[in-house]
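Welcome! Here is a friendly walk through the structure shown below, one region at a time.

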Amino acid sequence: MSNRVYIKTVGCQMNVLDSEMVIADLKRHGYTVVDSADQADCVLYNTCSIREQAEEKTYSALGIIRQEKEKDPSKVIGVMGCMAQKDQELVFKRAPYVDLVVGPGQLHTIPTLLDKVRGGEGRQMAVSLGRKSGSQLEIARSHETFDPLRDPTMRPTPFQAYLRIQIGCDKFCTYCVVPNTRGPEQGRAPEQIYAEAKILAEQGAKEITLLGQTVNSYRFKHEDGTVTDMASLLEQLHDIDGIQRIKFVTNYPKDMTERLLETIRDLPKVSPYLHVPAQSGSDEVLKRMKRGYTVADYMAMMERIERILPEAAISSDFIVGFCGETEEDFQKTVELVKRCRYKNSFIFQYSVRPGTKASERLEDDVPRVVKSRRNVELLAVQDAIAKEDNLKLVGTTVEVLVEGPSKKGVKNDEGDHIIQMIGRTHCDRIVVFDGNRRQAGQFMSIHIDDASSHTLVGRVKTVEVVSIGSLV
Ligand code: SAH
Ligand code: SF4
Ligand code: F3S
């Protein structure tokens, strides 16, 4: 039996990492990876439930794959990830040609379940326990991941890697599906994280991005009662040779402590880049979202960052059109964006998620057109700020880690000549410049000539050759 697998990943960095693990596992079981669904014996969709649109896209993609299945009934179709956990049996109802449904905490079962489906045992499903379907420990165990199994060839680039330090979330923001799909918050043991980071460094990772839903709330309680927090974890990881940059997402505003900020300041490998979503600039809305802070708390955090890490770049997420959001509430969000001058913000229109507190208790009363207008307005304010701040960098030199050709670069790539390359600064700013593929994975100095709201445009800084005595 031929074992070709195709995996399609949508959603956040957690899903990118999960797909990397599943592929590593399947390769160990004799599978090879192919580039498209039509060449594959098994097609896996790694899915996201964060907004309805993300799910609808997946269901329509599954609708298209149905034709493939009709042509070749032996083709196995699997749905994994957050939508698998959230919808469970509903996936089979909405897409009857799906053979396999596996939640993010059960990904290690995929090779066995694929064997069962292919061996004629019918549909298979493996999901984690619901938030009330067992003892605390049983629920937590059922959501645990199997991160040390990794496959470097599945990474977006060989020199960048994600490293999960925290599973799940216990914040239960009223709009959010993640505490249900990913289960209880669990910090992974620092020894495990350290060992994994060392392996990543040996495999050539120069930049690691630590992942958690509220990554700066990271805590691990040891058997002797001592606790490792985010600041201590960063200090430990900083020692590892080969790793030159450490980033982490996503931060929770209330846990951005002075101690953590001072640690970031004192550890040169840790990027002075903080993604700390505010979600709204209105106290009433924040309260209905159950975010656990006020605008004043958030601004106090911004003041701490400004004082301890004045060079840091800050980014945010916002939800517009949440239940009961008035025009006045929305204008407060606009004000917050103006005060914080974010490097960038991701702006989302509120989408009701079944199973969340907001879906049960609050009315989705902001019309779609109003959500869309607020989205456009907030984005325009954010983009104008980003452009102004990026233009201030024109004339300076920044150091980037080169990631590879830009989209434009790929189009022009017909050999080894100059193409547009893309890199990122320590502060996570995107820089494009003319270069060549061999530069990917290198740190380079780029002189900035121009800027837009999302991108800096520069050129490789030519090194001046200075005569240094005996060395020349
Ligand atoms: N754990 C992270 C975010 C995870 S989800 C945090 O708390 O910051 C990524 C973003 O999706 C959120 O920050 C939020 O802005 C958005 N989001 C989450 N649920 C949403 C919903 N129901 N509708 C619209 N946007 C949502
Ligand atoms: Fe969702 Fe809130 Fe947890 Fe972020 S902190 S994952 S928004 S519940
Ligand atoms: Fe989506 Fe799950 Fe990530 S819902 S955003 S894939 S944690």
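In an unreviewed UniProt entry, the annotation "binding site" covers Cys12, Cys48 and Cys82. Although these residues are spread over 71 residues of sequence, they cluster in space, with a largest C-alpha distance of 10.4 Å. UniProt positions are given in the numbering used here, feature names are shortened, and annotations may be inferred rather than shown by experiment. Cys12 sits in the loop between strand E1 (4-9) and H1. Helices (H or I, at least four residues) and strands (E, at least two) are DSSP runs, numbered from the N terminus.

Around ligand 3 you will find Cys12, Asn15, Cys48, Ser49, Ile50, Cys82, Arg182 and Gln213, where a residue is near a molecule if one of its heavy atoms lies within 4 Å of it. By class, this shell has four nonpolar, three polar and one charged residues. Ala, Val, Leu, Ile, Met, Phe, Trp, Tyr, Cys and Pro count as nonpolar, Asp, Glu, Lys and Arg as charged, and the others, Gly among them, as polar.

## How to read the model

This is a predicted model in which local features need pLDDT of at least 70 and side-chain atom pairs count only at pLDDT 80 or more, while totals for chains, interfaces and linings use all residues. Residues are numbered from 1 along each chain as its sequence is written, chains are lettered from A and ligands numbered from 1 in the order in which they are written, and side-chain values use heavy atoms, leaving out hydrogens and water.

## Domains

The chain is divided into domain 1 (4-127), domain 2 (150-271), domain 3 (273-391) and domain 4 (397-460), with bounds from an automatic or database domain assignment. The centres of domain 2 and domain 3, taken over C-alpha atoms, are separated by 24 Å. Their contact (heavy atoms within 4.5 Å) takes 23 residues from domain 2 and 28 residues from domain 3.

The unreviewed UniProt entry also has the annotation "domain: MTTase N-terminal", covering residues 3-119. That span is 49% helix and 20% strand, and its end C-alpha atoms lie 13 Å apart.

## The sheet E7-E10-E13

Three strands form an open sheet in the order E7-E10-E13, with parallel pairing; two strands pair if DSSP finds at least two bridges between them. Strand E7 (160-164) and strand E13 (245-249) stand at the edges with a single partner strand each, so one side of each has no neighbour in the sheet. E7 and strand E10 (residues 207-211) pair over five bridges, and Tyr162 stands opposite Thr209 in E10.

Helix H1 (residues 13-28) lies across E7, E10 and E13, running at about 100° to E7. Axes are lines fitted to C-alpha atoms, for helices over the stretch in contact, and angles run from 0 to 180 degrees between N-to-C directions.

Ligand 2 is surrounded by Cys169, Lys171, Phe172, Cys173, Tyr175, Cys176, Val178, Pro179, Gln213, Thr214 and Arg291. This shell divides into seven nonpolar, two polar and two charged residues.

Most residues other than glycine have a negative phi, and most peptide bonds are trans. Phe172, though not a glycine, has a positive phi of about 50°. A cis peptide bond joins Val249 and Thr250, with omega about 0°.
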